[in-house]
Amino acid sequence: MNPAHGEQLAVAVGDLLAHPDDPALPTHQPWWRQSLALGAPGIALLHVELAAAGLRPWQRAHRWLAVVTSGPVTTGAASHSFHGAPALAHVLACAAVRHPGAYAGALDDLDVAIAADARRRVAAAHARIDAGVLPALAEFDAIRGLTGIGAYLLRRPANDQELRAVLEYLVRLTAPLSCDEKVLPGWWADSGPDGRVDGRFPGGHGNIGMAHGIGGPLALLSLAALRGVVVEGQVAAVTTICDWLDRWRGETDAGPIWPYWISRPQLRAGRAPTARAQRPSWCYGTAGLARAQQLAGIAVGDPVRRAFAEEALACALSDPHQLAVVTDASLCHGYAGLAHLAQRAASDAPPDTTGRLTALVPRLLNKVGPAGADPHRTAAALLGDHSRPGLLDGAAGVALAALSYGSAASTGSAWDSCLLSSLSNRPLT
């Protein structure tokens with residue numbers, strides 16, 4: 001796929017998702033209007049970026065944003081960065097950057113609710129640590145937890161106090177925690193990876209992923225430092241997480257690889273699971289973690305860490321064994337996400353590495369829509385029966401990754417700041 005084809009694919013997906021009242025869309029679902037992961041906000045985000053690139057009219061974006069803001073907004077414990085107030089605020093913030101002066105009142109109202117929720121969550125998290133209780137993944141992770149909330153707060157200078165409180169909490173999360181006479185990493189969850197008690201994980205697990213594990217906090221702590229927002233202990237916390245990743249890194253013939261999680265028996269034995277080919281996605285696996293470590297290396301001035309992370313990413317995305325277990329096109333765990341990570345990492349890499357990573361982007365996107373394929377047919381195949389039109393695992397996310405590759409207007413965009421993968425996390429004043 002070449003850049004022009006990337007634009008054409010994004011436009012084709014946008015055209016298929018032009019009408020919010022399309023009866024084929026799952027508009028009857030209760031999550032539809034407020035789910036950035038699955039529903040209307042992700043589609044609105046695609047139309048914002050298409051309009052900013054001059055490829056389609058702003059009217060479409062405004063029409064979808066009207067749907068997103070047309071009813072009550074979920075706030076508090078039931079909201080998170082991909083549902084409710086933070087999700088809607090992310091989309092409106094991207095529109096406001098692209099269309100200055102728009103949505104200021106709605107954003108201010110959402111900010112008040114998000115800031116209050118952040119304060120409540122931070123207080124509850126500190127109380128939990130004081131009580132010596134292990135955290136739930138949803139307390140801190142990038143999807144449902146304070147890392148995801150912090151990713152949004154990083155964009156809004158007025159919320160600096162709440163952002164610093166989140167960072168201070170994440171610093172504390174990296175300290176060891178004594179629980180039942182055992183000393184565990186502070187982010188060790190007393191559950192399985194799905195957040196529920198799981199007999200396959202006696203004693204819980206240490207989650208290493210970007211979406212639900214310690215990779216997300218590493219990325220946020222690094223991105224905040226790169227933006228000049230630093231609290232006491234932040235650099236040490238970044239180092240602690242990187243040391244943990246070093247400890248559990250495996251090696252394959254193709255290069256380094258990180259497991260998705262560590263069980264209590266593995267922690268006790270001090271041995272990681274046997275390295276094997278696994279999906280190198282954003283949500284779990286080597287690709288997302290390599291990008292987080294690249295950001296960490298840049299943030300703390302560690303060129304060795306940075307270079308190692310860039311090499312790990314290039315190796316993972318070139319390894320036929322790892323790519324063989326990628327099964328879809330999605331942003332979260334498919335080829336579009338891998339292409340987007342390669343592009344973002346390339347933009348922050350030294351010239352010799354930039355070329356290597358950049359060359360991987362069209363190869364990965366060719367898995368979404370082969371070179372020379374009709375973009376309209378590819379778009380229709382991605383959308384299928386319209387059941388997955390959204391950002392994380394649907395057509396809108398794939399289109400945004402293709403658009404970022406194809407459009408100069410994507411430079412400086414922060415549409416993917418919710419994924420903690422972009423240095424272009426431009427603030428709104």
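**First stop: helix H7**

Select helix H7, where Leu146, Thr147, Gly148, Ile149, Gly150, Ala151, Tyr152 and Leu153 are buried. Please bear in mind throughout that this is a predicted model. Helix H7 spans residues 146–153 and is mostly covered, with eight of its eight residues buried. To see what provides this cover, display helices H4 (85–98), H5 (104–130), H6 (137–140), H8 (160–173) and H9 (215–226), which are included among the elements that cover the buried residues of H7.

**Second stop: Asn159**

Next, select Asn159, which lies in the loop between H7 and H8. Is Asn159 buried or exposed? Asn159 has a relative accessible area of 6%, and buried means under 20%, so Asn159 is buried. Leaving aside residues up to four places away in sequence, show the contacts of Asn159: they are Asp111, Ala115 and Leu153. One of these, Leu153, was among the buried residues of H7.

Now select Phe82, Tyr169, Trp244, Trp282 and Leu391 together. The largest nonpolar core has 139 residues, and these five touch the most other members. Which helix supplies the largest share of this core? That helix is H4, with 10 residues. In soluble globular proteins, nonpolar side chains tend to be buried together.

Remain with Trp244 and display its surroundings. Not counting residues up to four places away in sequence, Trp244 touches Pro185, Trp187, Trp188, Ile208, Ile214, Ile262 and Leu267.

Val235 belongs to helix H10, which covers residues 234–247. Val235 counts as partly exposed because its relative accessibility is 44%, a value that falls between the limits of 20% for buried and 50% for exposed.

**Final stop: helix H18**

Finally, select residues 395–406, which form helix H18. The distance from the first C-alpha of H18 to its last is 16 Å, close to the 16 Å expected for its 12 residues at 1.5 Å a residue. Why is H18 described as largely enclosed by the rest of the structure? The reason is that 12 of its 12 residues are buried, including Val398, Leu403 and Tyr405. Display helices H1 (3–16), H2 (40–52), H15 (335–347), H16 (351–365) and H17 (375–383) to see what the buried residues of H18 pack against.

Note on methods
Residues are numbered from 1 along each chain as its sequence is written. This is a predicted model: local features need pLDDT of at least 70, side-chain atom pairs count only at pLDDT 80 or more; totals for chains, interfaces and linings use all residues. Side-chain values use heavy atoms; hydrogens and water are left out. Buried means under 20% relative accessible area, exposed over 50%, partly exposed in between (1.4 Å probe, protein chains only). Helices (H or I, at least four residues) and strands (E, at least two) are DSSP runs, numbered from the N terminus. Contact means heavy atoms within 4.5 Å. A nonpolar core is a set of buried Ala, Val, Leu, Ile, Met, Phe, Trp, Tyr and Cys residues joined through side-chain atoms within 4.5 Å. The expected span of a helix is 1.5 Å times one less than its number of residues.
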